[in-house]
Amino acid sequence: MKVWKVYKANVCEGENSRYSLVKCIPARIPTMESKGSPQKAGSLLLLLVSNLLLCQNVASLPLCSGGTVNCQVSLRDLFERAVILSHYIHNLSSEMFSEFYRQYGEGRGFITRAITSCHTSTLSTPEDKEQAQQIQSEQLLNMIRSILLSWNAPLYYLVNEVRGMEEGSDAILSRAAEIEEQNKRLLEGMEKIVRQVHPGVKESESYSVWPGLSSVQMADEDARLFAYYNLLRCLRRDSHKIDNYLKLLKCRIVYDSNC
């Protein structure tokens, strides 16, 4: 039996931007206590903790001079929020991938048939921490932005296509919709970080076009589900890359690599 409870938490809200969090407001975050839903409960708990951490960051910010509320958020706080958000997105994408495989992939041989490349493979990105450490900060920031931009269209169509899937996809749909929203939010945050780290530098608009819409609309069920499997696998991979890149940049830029 599923029992729904509602907990109150301080959720930060911005004045002119969802990412420029400058005040905290009480919010009600639902959680579900169910022995059969440990992943969803963990995801909701992570969101609750993230919101509390964000508000702690906001509370530590200096007051704006002259009483204005539209002052600039510090680079340290922007990175703190970006890292929290990227980790949340990666956690959701991992859960969604596992849930999809559990509902639709078992017994279909998707693992052995999986395509190794993703639509973002056209972007030149480091594959591990050692490679990433050799790349300049400006270039790494632009890589993160390019990856996020490359997922705007796939996430939009993923949400719309999943709505038409058979019964049992509610957990996947809710995560897909949340990731789509938070991907936009993280992209907005990255733009603010780039403007502070490299003021006056033109932001890169490069990104990879996703060619897979026809694949997730195929009439053949096995082919269609296999296309979903590869898309979600790529999302999990790229969200992990972004999470690692941001942690590296936070250490390098905010703490002068002393972490």
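This is a predicted model: local features need pLDDT of at least 70, side-chain atom pairs count only at pLDDT 80 or more; totals for chains, interfaces and linings use all residues.
Which cysteine does a disulfide join to Cys251? I started my notebook with that one. The partner is Cys259, with the two sulfurs 1.7 Å apart.

**Entry 1**

I checked how open each end is. Cys251 counts as buried, at 16% relative accessibility. Cys259 is exposed, with a relative accessible area of 66%. The cut-offs explain the labels: buried means under 20% and exposed means over 50%. A reminder to myself: a disulfide is a covalent bond between the sulfur atoms of two cysteines.

**Entry 1: the other disulfide**

I asked how many disulfides there are by this rule. The count comes to two. Besides the pair I began with, a disulfide joins Cys118 to Cys234, with an S to S distance of 2.0 Å. I looked up where the two ends sit. Cys118 is in the loop between α3 (110-113) and α4 (129-133), while Cys234 is in helix α8 (residues 221-254), so the bond ties together parts that are 116 residues apart in sequence. Are Cys118 and Cys234 buried or exposed? Cys118 is buried at 8% relative accessibility, and Cys234 is buried too, at 5%.

**Entry 2: rings between α2 and α8**

Next I went through the aromatic pairs, and the count comes to nine. One of them is Phe97 with Tyr229, a tilted pair with centres 5.2 Å apart and 45 degrees between the planes. Phe97 lies in helix α2 (residues 75-105) and Tyr229 in helix α8, so the pair ties together parts 132 residues apart in sequence. Both Phe97 and Tyr229 are buried.

I then looked at Phe100 and Tyr228, which also form a tilted pair, 6.1 Å centre to centre with 45 degrees between the planes. This pair links distant parts of the chain, with Phe100 in helix α2 and Tyr228 in helix α8, 128 residues apart. Phe100 counts as buried at 1% relative accessibility, and Tyr228 counts as buried at 3%.

Which residues do ring pairs link into a cluster? I wrote down Phe97, Tyr101, Phe110, Phe226 and Tyr229.

Terms used:
Residues are numbered from 1 along each chain as its sequence is written. Side-chain values use heavy atoms; hydrogens and water are left out. A disulfide is a pair of cysteine sulfur atoms within 2.5 Å. Helices (H or I, at least four residues) and strands (E, at least two) are DSSP runs, numbered from the N terminus. Buried means under 20% relative accessible area, exposed over 50%, partly exposed in between (1.4 Å probe, protein chains only). Rings of Phe, Tyr and Trp (its six-membered ring) pair if their centres lie within 6.5 Å; planes under 30 degrees apart count as stacked, over 60 as edge-to-face and the rest as tilted.
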